[in-house]
Amino acid sequence: SIETRLRHALEQGELSLHYQPKHELATRRVTGFEALLRWNNADLGFVSPADFIPLAEDTGLIIPIGEWVLRQAMRDLRVWNTNRTDKLHVAVNLSARQLTVDGIAPRIAQLIAESAIPPGWLELELTESMVMENLHAQIDTFHDLRDLGVRIAIDDFGTGYSSMSYLKRLPIDTL
């Protein structure tokens, strides 16, 4: 039942992004935001991301949902940065399934071009466990994304068993 509803959530406008500010500690100024996906269903009410994100991953729905998140976050960012001197950035979580899609880097490049934002305004967040799970198969993808000018962040660092020597080989901007 939830899977069926999730399939229609995107087309029915039930998904939204909420933005958590990122602050520079020294100055306390907002430097950007992290995009957080939320789902409000007419029958179910607010559905926790902990309940629907794994389902989206398992069913493959994370691919179109993730693309919508990227497109919407970049669209919002372009509006926020209009007439701003100190440009903001947006961080978007990338799922394990999205990362393994063939052509993910060219697709992200296309979305960036469509949104007309500089690639450096976009930061892709990957969890430490996801990165370490299939490091050798994904290292080229990390480099392709970094070559686009996109920033790469490792989220939840220290919760797994990653080796600093492995991480030093990756084009990571933020832990």
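Mentor: Happy to! The protein has 8 helices and 6 strands, where helices (H or I, at least four residues) and strands (E, at least two) are DSSP runs numbered from the N terminus. The model is predicted, so local features need pLDDT of at least 70 and side-chain atom pairs count only at pLDDT 80 or more, while totals for chains, interfaces and linings use all residues. Residues are numbered from 1 along each chain as its sequence is written, and side-chain values use heavy atoms, with hydrogens and water left out.

For orientation, the order of elements along the sequence is α-β-β-β-α-α-β-α-α-β-α-α-β-α. Of the 175 residues, 40% count as buried; buried means under 20% relative accessible area, exposed over 50%, and partly exposed in between (1.4 Å probe, protein chains only). If we take contacts (heavy atoms within 4.5 Å) between residues at least 6 apart in sequence, 69% of them join residues at least 24 apart.

Let's zoom in on helix H2, which spans residues 49–59. At its start, a side-chain oxygen of Ser48 comes within 3.1 Å of the backbone nitrogen of Ala50. For such polar contacts, the rule is a pair of N or O atoms within 3.5 Å; within protein, one must be able to donate a hydrogen and the other to accept it, and residues adjacent in sequence count only if both atoms are side-chain atoms. Just after H2, Gly60 has a positive phi of about 85°.

Phe52, Ala56 and Glu57 are buried in H2. They span an arc of only 140° around the axis, so they sit on the same side of H2; the arc is that of the directions from the helix axis to the C-beta atoms. As background, an α-helix has 3.6 residues a turn, so residues three or four places apart point the same way. Ala50, Asp51 and Asp58 are exposed on the other side of H2. The cover over the buried residues of H2 includes helix H1 (2–9), E2, strand E3 (45–47), helix H3 (62–80) and helix H4 (96–99).

Two of those covering elements are worth a stop. In strand E3 we find Gly45, which counts as partly exposed at 23% relative accessibility. Not counting residues up to four places away in sequence, Gly45 touches Trp39 and Asn40. Helix H4 holds Gln98, which is buried at 5% relative accessibility. Leaving aside neighbours within four places in sequence, Gln98 is in contact with Ile62, Ile63, Gly66, Glu67, Asn93 and Ile104.

The structure has 4 aromatic pairs: rings of Phe, Tyr and Trp (its six-membered ring) pair if their centres lie within 6.5 Å, with planes under 30 degrees apart counting as stacked, over 60 as edge-to-face and the rest as tilted. One of the pairs is Tyr19 with Phe33, whose centres are 6.3 Å apart and whose planes meet at 75°, so this pair is edge-to-face. Tyr19 belongs to strand E1 (residues 15–23) and Phe33 to strand E2 (residues 30–41), so the pair ties together parts 14 residues apart in sequence. Phe33 is buried, at 17% relative accessibility. Trp39 and Phe52 also make an edge-to-face pair, with 5.6 Å between centres and 80° between planes. This one brings us back to our helix: Trp39 is in strand E2 and Phe52 in helix H2, 13 residues apart, and the pair links distant parts of the chain. Both Trp39 and Phe52 are buried.

Finally, H2 takes part in a pocket. The largest pocket holds about 400 Å³ of space. Of its 23 lining residues, Leu37, Ile53, Ile62, Asn93 and Leu94 lie nearest the centre. E2, H2, H3, E4, H4 and strand E5 (122–127) each give two or more residues to that lining. Grid points are joined across faces, edges and corners, and the volume is the space filled by probe spheres set on the points.

Definitions and conventions. 1 Å grid on protein atoms, 1.4 Å probe; cavity = no way out; pocket = protein on both sides within 12 Å on 5 of 7 lines; lining within 4 Å.
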